[in-house]
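Colleague: Hi! I'm new to this one, could you walk me through it?
Modeller: Happy to, let me bring it up.

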Amino acid sequence: MYEALKQRRAIRQYKTTPIDKHLIETLLEVATFAPNDRNREPWHFYVLQGEALNKYEEVATDYLTERFPTKPNLIESSLKVIQTTPLVIIVTSEKVENDEAATKDNVFAVCSAIMSMWLMAEELGLGFVWRTRGIGLVHDDRLHSFIGASSNEQVVGTLFIGYPEEEDLKEKKRTSFEVKTTWL
Ligand SMILES: Cc1cc2nc3c(=O)[nH]c(=O)nc-3n(C[C@H](O)[C@H](O)[C@H](O)COP(=O)(O)O)c2cc1C
């Protein structure tokens, strides 16, 4: 477990090789094992491949041209990411009516589920990154309506997944836990 946690990396470049359905199902299954308050199981997964990714690209084009009107290179490189990613999974969390604390707890549970998927992906030889900004589109309503999420769902993560292309990963840098810890 120590090595798995230490070696997990955000992988952003993939081969275009499609991913077997049973591997995708394994990622989705382990997600459902995550801890979650009162067993509300607040997650929902939207799996995008092939034609669905072309539509996602259209939504992203719309968003990026509006957001970065003077940066055509940024738009082009962002869209290339979608074009070269074989699998995207968008994960939502259920809101709980009139209960902000439970709604937050649901998001925490969904985050745990995403982390389980990330570690499982590595075990299956898949590269994985959780995106929120830019083409992650988590903070834009267009993604919400594109996937057909209901008004009581909130998008927590857009997961980009594929067989890793050779990548020169820099050494992982982290501040020591000693600096981040207060012993009371
Ligand atoms: C909530 C969350 C949002 C993230 N959003 C993005 C993103 O929008 N784009 C991106 O390239 N990486 C994103 N990442 C990945 C981080 O950049 C990455 O985890 C960080 O650089 C540390 O690298 P490591 O995961 O290899 O340890 C996100 C990670 C998390 C947990």
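Modeller: We can go through the ligand, the aromatic rings and a few single residues in turn. Keep in mind that this is a predicted model.

Colleague: Thanks! Which residues surround the ligand?
Modeller: The surrounding residues are Arg 8, Arg 9, Ala 10, Arg 12, Trp 118, Val 129, Trp 130, Arg 131, Thr 132, Arg 133, Lys 172 and Arg 174.

Colleague: How many of the shell residues are nonpolar, polar and charged?
Modeller: The shell around the ligand has 7 charged residues, 4 nonpolar ones and 1 polar one.

Colleague: And which strand gives the most to that shell?
Modeller: That would be strand E3, which covers residues 127-131 and gives 3 residues.

Colleague: Let's get down to atoms. What is 2.8 Å from an oxygen atom of the ligand?
Modeller: An N or O atom in the side chain of Arg 9. With Arg 133, it is a backbone N or O atom that lies 2.9 Å from an oxygen atom of the ligand. Trp 130 also takes part through its backbone: one of its polar backbone atoms is 3.0 Å from a nitrogen atom of the ligand.

Colleague: How much of the ligand does the protein bury?
Modeller: The protein buries 70% of the 620 Å² that the ligand exposes when taken alone.

Colleague: New topic: rings. How many aromatic pairs does a search of the whole structure find?
Modeller: The search finds 3 aromatic pairs. One of the pairs is Tyr 56 with Phe 146, and it is tilted, with 6.3 Å from centre to centre and 40 degrees between the planes.

Colleague: Where in the structure do Tyr 56 and Phe 146 lie?
Modeller: Tyr 56 is in helix H3 (residues 51-67) and Phe 146 is in helix H6 (residues 141-147), so their pair ties together parts that are 90 residues apart in sequence.

Colleague: Is Tyr 56 buried or exposed?
Modeller: Tyr 56 counts as buried because its relative accessibility is 0%. Phe 146, on the other hand, has 27% relative accessibility and counts as partly exposed.

Colleague: Which residues do ring pairs link into a cluster?
Modeller: Tyr 56, Phe 146 and Phe 160 are linked that way. Phe 160 also has a charge over its ring: the charged end of Arg 131 sits there, 5.0 Å from the ring centre.

Colleague: Let's move on to Thr 92. Which strand is Thr 92 in?
Modeller: Thr 92 belongs to strand E2, residues 87-94. With a relative accessible area of 0%, Thr 92 is buried.

Colleague: What does the side chain of Thr 92 have a polar contact with?
Modeller: With the side chain of Glu 153, at 2.6 Å.

Colleague: Last topic, the backbone. What is the phi of Arg 38?
Modeller: Arg 38 has a positive phi of about 55 degrees, although it is not a glycine. For context, most residues other than glycine have a negative phi. Asn 39 also has a positive phi, near 50 degrees.

Colleague: Where is Arg 38 found?
Modeller: In the loop between helix H2 (21-31) and strand E1 (43-48). Asn 39 lies in the loop between H2 and E1 as well.

Colleague: Are they buried or exposed?
Modeller: Arg 38 counts as exposed at 73% relative accessibility, and Asn 39 counts as exposed at 55%.

Technical notes
Residues numbered from 1 in each chain as written. Predicted model: local features only at pLDDT ≥ 70, side-chain atom pairs only at ≥ 80, totals over all residues. Heavy atoms only, no water. Near = heavy atom within 4 Å. Polar contact = N/O pair within 3.5 Å; in protein donor to acceptor, adjacent residues only side chain to side chain. Areas by Shrake-Rupley, 256 points an atom, 1.4 Å probe, with all protein chains shown as cover. Helix = DSSP H or I, 4+ residues; strand = E, 2+ residues; numbered from the N terminus. Nonpolar A, V, L, I, M, F, W, Y, C, P; charged D, E, K, R; others polar. Phe/Tyr/Trp six-rings, centres within 6.5 Å; stacked < 30°, edge-to-face > 60°. Buried < 20%, exposed > 50% of the residue type's maximum accessible area, 1.4 Å probe, protein only. Lys NZ or Arg CZ within 6 Å of the ring centre and 35° of its normal.
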